[in-house]
Amino acid sequence: MFTGCGIAGALSFDRTGPRLADLRQVVEALAHRGPDAEGFWQQDNVMLGHRRLSIIGLAESGTQPMVRDHLAITYNGELYNYRKLRSELSRDFVFTSDTDTEVILRAWQRWGRAAVDRFDGMFAFALWNKASRSLTLVRDRLGVKPLYLHRSASALMFASEVEALLRFPGVPREPDVDALRHRLLCSSTLEPDQSRTVVRQVEALPPATIMTVSADGITRSAKYWALPDTAGSAEHPDPAVELRLLLGDAVESMLVSDVPVAAFLSGGLDSSAITALAAGRQRMPAVTVAHPSAARSREGLSGDSDLRYSEALARHLGERVDHRTVPQTADVSLADIDAVCDLASLADDVRHVGILANYRSIRDMGLKVVLNGQGADELMGGYVGRPNFVANIVDVLAPDEKTVRRLPASRQAGSLSADVLRYRRTADERVLDYLAGLTGGAVERVHRLLVHTQLLRVVQFEDFLAMRVTVEARFPFLDHRVAEWCFSRPFDMHIETTKRRGKSVLRAAMNGVLPQELLQRRKEVFPYPDSVRLHAALTALATEHEPELRSDPLVASMFQLPEKGRMDTVDTDSLWLFLSVWRWHKRLTNAHSAGSATLVGAERLP
């Protein structure tokens with residue numbers, strides 16, 4: 001089985017489409033996603049490319065792109081139930097590799113598009129059917145694995161990352177200013193259009209989508225999955241038992257690997273639950289990020305709360321975990337900003353630097369796979385008691401349907417230009433119009449919105465940052481069966497109204513598995529680095545590069561910059577945005593560009 005890969009390809013509609021030499025350049029740009037091998041396949045007007053990171057096996061029989069009979073595939077991801085499907089399919093097919101790739105091919109051959117309903121995993125793949133002369137692109141239900149597209153008159157091109165896709169000739173290296181404005185006004189976590197990127201004429205294949213393109217360019221797209229509507233009570237009388245079994249199964253399926261699997265452990269409820277369930281099945285490396293400035297208490301515990309609670313769980317689990325701590329500082333360099341720059345979206349949160357450092361620590365320990373606790377908050381009401389949720393979404397102690405109208409503006413960036421601010425109402429309407437079409441009460445509708453927008457952005461940057469250092473992140477809470485379960489029951493079951501907090505069922509499910517002090521720990525967001533030191537570092541960078549910031553047309557149009565020489569008066573988040581947008585724009589318009597870039601607003605798109 002080969003996983004954690006990079007894929008790319010093109011389907012040409014005439015003789016002017018991309019050549020194999022172009023695809024080689026694209027695949028080269030994905031080498032960090034798959035350093036173990038590369039492969040190419042071409043026939044008639046279609047070509048597929050692949051970079052491979054091996055987690056299970058390295059046999060040549062699993063080389064990609066893979067061809068079986070009339071089907072050819074390039075595939076990125078992990079099919080957790082591939083062995084079960086293989087057993088079923090073995091009645092009709094002889095398998096020549098021990099890979100999930102071959103299982104996908106044979107499943108498609110047997111069941112066609114309905115095969116995807118049987119897939120349990122995270123994946124993005126492109127499949128060429130030589131019989132029907134059509135290319136099919138597929139993405140997993142919750143969008144963990146990415147796939148980006150550009151369509152011209154002569155070809156459809158695709159790749160796992162936007163920066164790689166731009167190496168195809170003819171893909172515009174131009175920012176979509178309208179998309180950028182929306183992200184600055186509402187943050188990148190509230191984009192209702194799941195296909196939208198911030199690069200002109202580059203789109204993402206939305207989650208849970210099957211897109212089929214014929215050889216003459218006719219395209220059909222369909223969603224194959226969505227969150228269910230609430231269906232009443234569960235079959236099992238005890239939802240905590242149900243959730244524990246579901247989550248345990250999800251964790252167990254994600255431990256399949258021929259290399260050690262680690263877990264991130266912050267000491268919060270979500271990561272602790274994943275770590276404890278995994279450690280109940282095999283001994284686990286558990287990695288906690290520590291802040292060196294935190295003082296040690298007399299009891300020998302860290303003054304840093306994440307480390308303190310993580311150490312408590314490590315003591316509770318004993319020999320079942322190998323607890324490792326990684327120090328992290330608040331220093332930020334230009335190289336750090338460049339490292340977290342994903343052309344598909346803005347790196348609009350300085351904490352991305354810390355998240356990348358977390359994955360780098362996994363790699364430096366010689367590990368390739370890590371379990372990540374993302375997703376529980378969006379699925380189970382984890383933000384209900386946070387101040388911003390109470391003030392700008394809904395206070396469960398005093399519900400008011402109008403409060404949520406403040407949500408988009410509550411995420412507005414600082415120091416925005418007057419030109420950007422005049423789109424405030426438009427940005428609000430895009431988010432609130434989408435929210436109005438969702439089902440459920442106020443709290444449930446907001447969480448359905450967060451799954452559609454915020455969670456998609458979270459897995460986007462988690463996958464990007466993990467693969468930047470050749471690490472595969474797996475997300476047990478994002479097993480689609482867990483997500484379906486959370487929304488098919490009355491959402492109120494997740495909320496403890498009197499305590500103004502969510503994840504009630506998860507706490508009950510982990511009772512007896514986790515120590516009480518972890519079950520009762522207050523929700524804390526992913527920590528920011530030392531604020532004083534971080535502001536000083538960003539001020540120094542912005543001051544050093546002030547001429548470049550002021551001369552960049554995108555930065556100048558998006559922000560109200562301070563007076564010359566006064567970068568020290570700007571808040572930390574704005575400094576980060578000045579620098580990250582400048583570096584994003586520079587990367588977009590630099591090497592491999594077919595021509596000069598211009599600023600393009602949505603109103604000027606063809």
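This is a predicted model: local features need pLDDT of at least 70, side-chain atom pairs count only at pLDDT 80 or more; totals for chains, interfaces and linings use all residues.
Trainee: Let's start with Leu379. Is it buried or exposed?

Mentor: First find it: Leu379 sits in helix 11, which covers residues 376-380. Its relative accessibility is 0%, and anything under 20% counts as buried. So the word for Leu379 is buried.

Trainee: Which residues does Leu379 touch, if we skip those up to four places away in sequence?

Mentor: Look further along the chain for these. For a sense of the fold here, Leu379 and Glu484 are 105 residues apart in sequence, yet their C-alpha atoms are 9.2 Å apart in space. The contacts of Leu379 are Val451, Phe477, Leu478, Ala483, Cys486, Phe487, Phe491 and His494.

Trainee: On to charges. How many salt bridges does the structure hold?

Mentor: Side chains of opposite charge can pair when their charged atoms come close. In this structure, the count of such salt bridges is 48.

Trainee: Take Glu28 and Arg167. How many residues apart are they?

Mentor: Their side chains meet in a salt bridge, 3.5 Å from N to O. Glu28 belongs to helix 1 (residues 20-28), while Arg167 is in the loop between helix 4 (162-165) and helix 5 (177-186). That pair links distant parts of the chain, and the separation is 139 residues.

Trainee: And where do those two fall, buried, partly exposed or exposed?

Mentor: Glu28 has a relative accessible area of 46%, and Arg167 comes in at 24%.

Trainee: Which residue forms a salt bridge with Glu78?

Mentor: Glu78 lies in strand 5 (residues 71-79), and its partner is in strand 17 (residues 472-474), so the pair ties together parts that are 396 residues apart in sequence. The closest N and O atoms are 2.7 Å apart.

Trainee: What about Glu496 and Arg501: are they buried or exposed?

Mentor: These two side chains form a salt bridge, 2.7 Å from N to O. Glu496 has 19% relative accessibility and Arg501 has 15%. Since the cut-off is under 20%, both count as buried.

Key:
Residues are numbered from 1 along each chain as its sequence is written. Side-chain values use heavy atoms; hydrogens and water are left out. Helices (H or I, at least four residues) and strands (E, at least two) are DSSP runs, numbered from the N terminus. Buried means under 20% relative accessible area, exposed over 50%, partly exposed in between (1.4 Å probe, protein chains only). Contact means heavy atoms within 4.5 Å. A salt bridge is a side-chain nitrogen of Lys or Arg within 4 Å of a carboxyl oxygen of Asp or Glu.
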